[in-house]
Structure formats: structure tokens, C-alpha cells
Amino acid sequence: TALVVRRDCGFEGELGFNFFARQAECVKLANKWCDGPALKYFDGAGLTNPVRDITGNTFLENAADVSVADYNNSIILASDLDLGSAATPRILSYTIHGALGYRFDDMRFPIHASLGGSYEFGHRDFAVADRWTIFGKVGMAF
């Protein structure tokens, strides 16, 4: 929503408000989790690593080697999965904006120029970073 004011002298002003909302994604397994997979030790060789992750961290890659005889200590359980980390969080965002400008309509190729800014914010429990924006625009009609 915006309120735009234009005067015959060429002045233009705009003041507006924007609202955006999106619910969080629902992430779930397509099928029931079957216990049994494990992460291999960095070079394999018949060993597993119960603390390895996808970051490629060398410390974690070499942290533990579990032999096949102790395979049950390395099994990934359904409770080990963090499905929430794969979901986009809910968003509730508000933006206020304003701009001032001038039109030069009496020229052969009319031009306009304006400067403005906006501020976006959300509630603390939503995934929205507060941000300021400053913008300018220039245009020509031909």
C-alpha cells in the first residue's frame, strides 16, 4: 500500500507500507526410517565414524574409528535426524518506505529523478533481519 502525491510543478512524493507473511515449511520423511545406515570412516577400510558430519571438518573426519564388529555404535537413528534444519522458517515481515522526486515533463525527452529509503523489520521469533535501504532512480521517456 502506498500514498503517492504528484503536483503540476513536477514534485512527486511517496509513502508506503508492505506486509509479507509465509508459513514455515513442513519437512518429514517420505517413508519410515530404517535403522542401519552409518557413516564410513574417512578412508573406509571397513571402519565407521559415529561423529563425522557433512562439514568436512578434519578433526571430525579423524576423530573416531569404529570397527565393523562394533557397527551398532555407529548406526544413525531417526532421533539423530534434525528435519527442522532442512525447513525454511516462518516469515512475518513489515517494510515502510518513502521517496521524494521531481519530474521534468516540459522537455523533448521527459526525465524524472527521485531518492528514497526503506526499513524492513520483523518479530524477534521470525527469520527476518532488520535492514535499511537507500535508493535512487533516474528515468527518461522517449
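**Sheet and aromatic pairs**

Five strands make up an open sheet with antiparallel pairing, in the order S1-S2-S5-S6-S7. Strands are DSSP runs of E with at least two residues, numbered from the N terminus, and two strands pair if DSSP finds at least two bridges between them. This is a predicted model, in which local features need pLDDT of at least 70 and side-chain atom pairs count only at pLDDT 80 or more. Residues are numbered from 1 along each chain, and side-chain values use heavy atoms, without hydrogens and water.

- Strand S1 (2-6) and strand S7 (131-140) are the edge strands, and each pairs on one side only.
- S1 and strand S2 (residues 11-22) run antiparallel and are joined by five bridges.
- Val5 stands opposite Gly13 in S2, and Leu3 stands opposite Leu15 in S2.
- The hairpin of S1 and S2 has four residues between the strands, and Gly10 in this hairpin takes a positive phi near 110 degrees.

**Aromatic pairs**
- The structure holds six aromatic pairs; rings of Phe, Tyr and Trp (its six-membered ring) pair if their centres lie within 6.5 Å, and planes under 30 degrees apart count as stacked, over 60 as edge-to-face and the rest as tilted.
- Phe19 and Tyr94 form a tilted pair, with 5.4 Å centre to centre and 40 degrees between the planes.
- Phe19 lies in strand S2 and Tyr94 in strand S5 (residues 91-104), so this pair ties together parts that are 75 residues apart in sequence.
- Tyr119 and Trp132 form a tilted pair, with 4.5 Å centre to centre and 35 degrees between the planes.
- Ring pairs link Phe17, Phe19, Tyr94, Tyr119, Phe121 and Trp132 into a cluster.

**Accessibility**
- Phe19 counts as partly exposed at 45% relative accessibility, whereas Trp132 counts as exposed at 71% (buried means under 20% relative accessible area, exposed over 50%, partly exposed in between, with a 1.4 Å probe and protein chains only).
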